[in-house]
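I opened the coordinates and kept notes as I went. The entries follow in the order I looked things up.

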Amino acid sequence: MLYSYNEMENYIKQVLSYIQDGIMAGDYVILVENDRIYPLIHKELSTRLTKDQMELLHFVNNFDFYCSSGSYHPPAIEEYFNKTVHPYVENKISFRSWAHVEWATLEEPLHIIEEFERTVDKAVNVLSFPLICAYKGERMPDYLKTILLETHPYVLKDDDIIICEQYLPSSLK
């Protein structure tokens, strides 16, 4: 699912709701987030959830996740992703994920983001788990918006989930 946000307040509201809903459903939540926003999310969640419930939240620094090889490199990201979800998959533990996708410059990942998003789409379909990919709307040129709409079957808008008509399932590639 694609989530394009502009206002940080709305972003925080959505991520908190997604995490809380997941934990209440008994899912572990893998949160791929930056280390500036994560403390705000953690602080608010700690007022809403018990200590045991908070144990279901697994934080992954998004810089480490997306740039583990030193740059935005899809095979390295896929490896990091597989390593992160492996314990859940292997032990048949229900999980969901929220990934805040960021990069330092717009030029760097645009030529490879389509490959990465198609790889993620395949993984989500094979492993069958909920995933929201959050992108800052103002940092999304039209070319990137097109790619993201083609690689995400659903779009989160405000509090509605909309079927994405531009979605091209990875199986059709």
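Is R48 buried, partly exposed or exposed? I found R48 partly exposed, with a relative accessible area of 37%. I used these classes: buried is under 20% relative accessible area, exposed is over 50%, and partly exposed lies in between, with a 1.4 Å probe and protein chains only.

Ground rules. I am working on a predicted model, where local features need pLDDT of at least 70, side-chain atom pairs count only at pLDDT 80 or more, and totals for chains, interfaces and linings use all residues. Residues are numbered from 1 along each chain as its sequence is written, and side-chain values use heavy atoms, with hydrogens and water left out.

Confidence. I looked up pLDDT, the predictor's confidence in each residue from 0 to 100. The chain averages 88, and 89% of the residues score at least 70. Helices (H or I, at least four residues) and strands (E, at least two) are DSSP runs numbered from the N terminus.

Salt bridges. I counted a side-chain nitrogen of Lys or Arg within 4 Å of a carboxyl oxygen of Asp or Glu. The count comes to six.

I started from R48, whose side chain meets that of E44 in a salt bridge at 2.9 Å, N to O. Both residues lie in helix α2 (residues 38-48), four residues apart, about one turn of the helix. An α-helix has 3.6 residues a turn, so residues three or four places apart point the same way. E44 is partly exposed at 30% relative accessible area.

Next I took K13 and D159, whose closest N and O atoms are 3.5 Å apart in a salt bridge. This pair links distant parts of the chain: K13 is in helix α1 (residues 8-24) and D159 in the loop between β6 (154-157) and β7 (160-163), 146 residues apart. K13 is partly exposed, at 47%, and D159 is exposed, at 56%.

R118 counts as buried at 11% relative accessibility, whereas E150 is partly exposed at 21%.

Cores. I defined a nonpolar core as buried Ala, Val, Leu, Ile, Met, Phe, Trp, Tyr and Cys residues joined through side-chain atoms within 4.5 Å. The largest has 29 residues, and I30, V32, F65, Y66, L131 and Y135 have the most contacts inside it. At least two residues each come from β2 (28-33), α4 (62-66), α5, β4 (95-100), α6 (107-127), β5 (131-136) and α7 (142-150). The largest share, five residues, is from α6. A second, separate core of 23 residues includes I19, I37, W98 and I132.

Leaving aside neighbours within four places in sequence, F65 is in contact with V32, V60, I77, Y80 and F81.

Helix α5. I checked residues 74-90: 17 residues, reaching 23 Å from first C-alpha to last, close to the 24 Å expected. The expected span is 1.5 Å times one less than the number of residues. Buried in α5 are P74, A76, I77, F81, T84, V85 and Y88. The helix bends by about 35° at T84, and the proline P87 follows within four residues. I took the bend as the angle between axes fitted to the seven residues ending there and the seven starting there. After α5 comes K92, with a positive phi near 55°.

Definitions and conventions: Contact means heavy atoms within 4.5 Å.
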